[in-house]
Amino acid sequence: MTVPAGKTLQFWTEPEGAAAPTSLGLVQAGQTVDLPATMLPAVESRQLFEITLEPEGGSPIGRPTGPILFVGRTVRVS
């Protein structure tokens, strides 16, 4: 994926039922991201993870403002 000039990718998570998502930071296209568990709110079943396209430097309002490019949810593995 090519990120347009003046834009950046931002990684978010939101447990099911949460009032708002939490930013996990800016990410680079095509690079692996390792997140220590201490950076995450408690990980729950069906927790949302998404990457949005934001202005350079990230969302100016602390929640996603741009389009959602990728989305996933946690699932319980038995």
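**Close-up 1. An aromatic pair.** A search of the whole structure turns up one aromatic pair. Its members are Phe 11 and Phe 49, and the pair is tilted, with 6.0 Å centre to centre and 35° between the planes. Phe 11 lies in strand β1 and Phe 49 in strand β3, so the pair ties together parts that are 38 residues apart in sequence. For the terms: rings of Phe, Tyr and Trp (its six-membered ring) pair if their centres lie within 6.5 Å, and planes under 30 degrees apart count as stacked, over 60 as edge-to-face and the rest as tilted. Strands (E, at least two residues) and helices (H or I, at least four) are DSSP runs, numbered from the N terminus.

A word on the model itself: this is a predicted model, in which local features need pLDDT of at least 70 and side-chain atom pairs count only at pLDDT 80 or more, while totals for chains, interfaces and linings use all residues. Residues are numbered from 1 along each chain as its sequence is written, and side-chain values use heavy atoms, with hydrogens and water left out.

Close-up 2. Leaving aside neighbours within four places in sequence, Phe 49 is in contact with several residues, including Phe 11, Trp 12, Leu 24, Leu 40 and Phe 70. Contact means heavy atoms within 4.5 Å. Phe 49 and Glu 14 are 35 residues apart in sequence, yet 6.6 Å apart in space, C-alpha to C-alpha.

**Close-up 3. Strand β3 and its pairing partners.** Strand β3 covers residues 48-55 and is mostly covered, with seven of its eight residues buried. On one pairing, β1 and β3 are antiparallel over eight bridges. On another, β3 and strand β4 (residues 68-73) are antiparallel over five bridges. Two strands pair if DSSP finds at least two bridges between them. You can find Phe 49 opposite Gly 72 in β4, and Lys 7 opposite Pro 55 in β3.

**Close-up 4. Strand β1 beside β2.** What covers can we count along β1? Six of the eight residues of β1 are buried, so the strand is mostly covered. Five bridges join β1 to β2, and these two strands run antiparallel. Look for Gln 10, whose bridge partner in β2 is Leu 26. In a regular strand the side chains alternate between the two faces of the sheet.

**Close-up 5. Thr 8 and Thr 52.** Thr 8 sits in strand β1, which spans residues 7-14, and Thr 52 sits in strand β3. Thr 8 is buried, with a relative accessible area of 11%, while Thr 52 is buried at 0%. Thr 8 stands opposite Glu 54 in β3. Beyond neighbours within four places in sequence, the contacts of Thr 8 include Val 3, Leu 26, Thr 52 and Gly 58. Thr 52 and Leu 26 are 26 residues apart in sequence and 9.6 Å apart in space, C-alpha to C-alpha.

Close-up 6. How many salt bridges does the structure hold? The structure holds one. The side chains of Arg 46 and Glu 16 meet in it, at 3.1 Å from N to O. This pair links distant parts of the chain, with Arg 46 in the loop between β2 (22-27) and β3, and Glu 16 in the loop between β1 and β2, 30 residues apart. Both residues are partly exposed: Arg 46 has a relative accessible area of 42% and Glu 16 has 47%. A salt bridge is a side-chain nitrogen of Lys or Arg within 4 Å of a carboxyl oxygen of Asp or Glu.

**Close-up 7. A nonpolar patch on the surface.** Met 1, Leu 69 and Phe 70 form this patch, with about 300 Å² of accessible area together. Met 1 belongs to the segment before β1 and is exposed, with a relative accessible area of 56%. Patches are made of residues with over 30% relative accessible area and no salt bridge, where like charges are joined within 9 Å and nonpolar side chains (Val, Leu, Ile, Met, Phe, Trp, Tyr) within 5 Å. Accessible areas come from the Shrake-Rupley method with a 1.4 Å probe, and for residues only the protein chains shown count as cover.

Methods
Buried means under 20% relative accessible area, exposed over 50%, partly exposed in between (1.4 Å probe, protein chains only).
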